Amino acid sequence: MAKNTSSNVFRTLDVDQYNEDNYKEDNDSTDPAALGPNDTLITSLLAANKPVEALTHLLSGATLGIKDQAARTTSLTLAMRVLMAIKVSQIDDAVAQLDNESRDVLMKFIYRGFEVPNEGSSAHLLVWHEKVFTVAGVGSIVRVLTDKKRV
Amino acid sequence: MTTIHKFGATPISCHAWSGNRSELALSHNSKDVTLYNAKGQGWEKTAVLDQHDLRVTGIDWAPTTNRIVTCSSDRNAYVWVKGPDGQWKYTLVLLRINRAATCVRWSPEENKFAVGSGAKIISVCYYEKDNDWWVAKHIKKPLKSTITSIDWHPNNILLAAGSSDFKVRVYSGFIKEIEPKPSATPWGARMPMGNLMTEFSNSPNGGGWVHAVSFSPDGSKLAWAGHDSSISVADAANDMLVMKLKTNLLPMCSLTWIRPNTIAAAGHNCVPYTFIVESDAVKLGSAMEEDKKKESSGKTSAMDLFKNKDKLGQNELETKLNFTHQKQIAEIRIVGGQKGDVDTFSTCSLDGKIVVWNLKTLAGQMKGLKI
């Protein structure tokens, strides 16, 4: 038999890109502004023990569709810090204060948080998930799945 | 009140009513189209149209000319005409596409029809008398992906197409061989064949296939349902303003206008909802059915309780939904009245039922119903 039967190199080739019917994404090349300026404000609010305000700033300032992976990871870590800082008893009020857009972004952060669990984070996130779900319904979860521009 | 018509347990993927509403054509997600005639309380099967080789994806019945057009995954469309002997005669329409056809609609004047396909092409077909066949003209640019739904504008020229590239486009389907030049509309003045009049993106966040599109009865507004659980309405008379409502519900699969400013939409929620269109926003009206929560019968016997716990790991057996439809609704069709002034409409669903909803009696029964 040919020696090549054990070779898996062909699996690393993306043949779909050569298909002439391939769907070409509409490249909205507007580079979304970085989250930078808000980071300091949010960290200072966290230090000042005002996590709910930090949350509002975080969600209104969050930009979706950033291509830079490092920027996305930093924004996720920041979001997790804010979400963990808010106690279970404060979650209801926090969610009630948000508007619909922010709730959708919050749900996106919650699901991203589920992807990278730390000790104790998933349990807290589950409480968040339940509270946001009662207000925003299945629609917000559907939007987490369908929106191409991820948080 | 709702009238339930059961047609077995297999999903009904598409259906269409005849002009006088006494006949019904439907397809059970298979390659056959079955025609039924209303007989007393039930339905009598009159004919089976089985020329297609693959699953039928769309049926449309022209009310005045009494012609049926069906399109299928086998890349073909057939036009069926009823002969004087009562038999349905078919004519193959060469769509010249190399992927499945997904949806088909007759134009308001029934002299042409449009077929959407997975080949990123809309075929607008008209009848050429000299050669006695249906000719297809293609609309290609700038479609990037499968067309999922099509709706004609009341002026018989403009055509809206929703696609899985997350966009809704309004095209001109003007065929100069069969009709006079149209006058200007809020959507634009120049309308050569295949001209893109406007394009709308479903979401600024980039996602959501468009499941259904529908022009308002006067043609100035265009509503669409996206897979991101949203309903959007674009108003051409108001400078192409797009009003979007992100709902808390599951996505809708089909919609139509029941009043000049009210939309009825249905989909994965298994019950139709109304949406009110105001001058600058779309608001959720109400569901057309109340969640009939059965009070749990006082004493579930201890034996049943443990039997269920043992067999299923649950305390109660609750698999039935509290709505008329048990599975998602595939299509909404107007039965009584016309777009903008609907008395009754029907929904077909994957549970094998077609339910006819009567708006007048529903409004009387349900106090919360907002139309």
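Buried area is the accessible area, taken with a 1.4 Å probe, that two parts lose on being put together, summed over both. Keep that in hand for the exercises below.

This is a predicted model, in which local features need pLDDT of at least 70, side-chain atom pairs count only at pLDDT 80 or more, and totals for chains, interfaces and linings use all residues. Residues are numbered from 1 along each chain as its sequence is written, chains are lettered from A and ligands numbered from 1 in the order in which they are written, and side-chain values use heavy atoms, with hydrogens and water left out.

**Exercise 1.** Describe the interface of chain B and chain A.

*Solution.* Start with the area: the two chains bury about 1,600 Å² between them, and 47% of this is on carbon and sulfur atoms. Next, count the residues in contact (heavy atoms within 4.5 Å): chain B gives 22 and chain A gives 20. Finally, look for salt bridges (a side-chain nitrogen of Lys or Arg within 4 Å of a carboxyl oxygen of Asp or Glu). The rule finds 1 across this interface. A salt bridge joins the side chains of B:Lys246 and A:Glu101, at 3.6 Å from N to O.

**Exercise 2.** Work out how H3(A) and H5(A) are oriented to each other.

*Solution.* Helices here are DSSP runs of H or I with at least four residues, strands are runs of E with at least two, and both are numbered from the N terminus. Axes are lines fitted to C-alpha atoms, for helices over the stretch in contact, and angles run from 0 to 180 degrees between N-to-C directions. H3 (residues 69–85) and H5 (residues 100–115) of chain A pack at about 100°, their axes 10 Å apart. The helices are therefore roughly perpendicular; that term covers 65 to 115 degrees, while under 35 is roughly parallel, over 145 roughly antiparallel and the rest oblique. Among the contact residues are A:Leu76 and A:Met80 of H3(A), and A:Phe109 and A:Ile110 of H5(A).

**Exercise 3.** Find the backbone features at B:Pro142 and B:Ser229.

*Solution.* The peptide bond from B:Lys141 to B:Pro142 is cis, with omega near -10°. B:Pro142 sits in the loop between strands S13 (133–139) and S14 (147–152) of chain B. B:Ser229 has a positive phi, near 55°, and lies in the loop between strands S19 (221–226) and S20 (230–235) of chain B.
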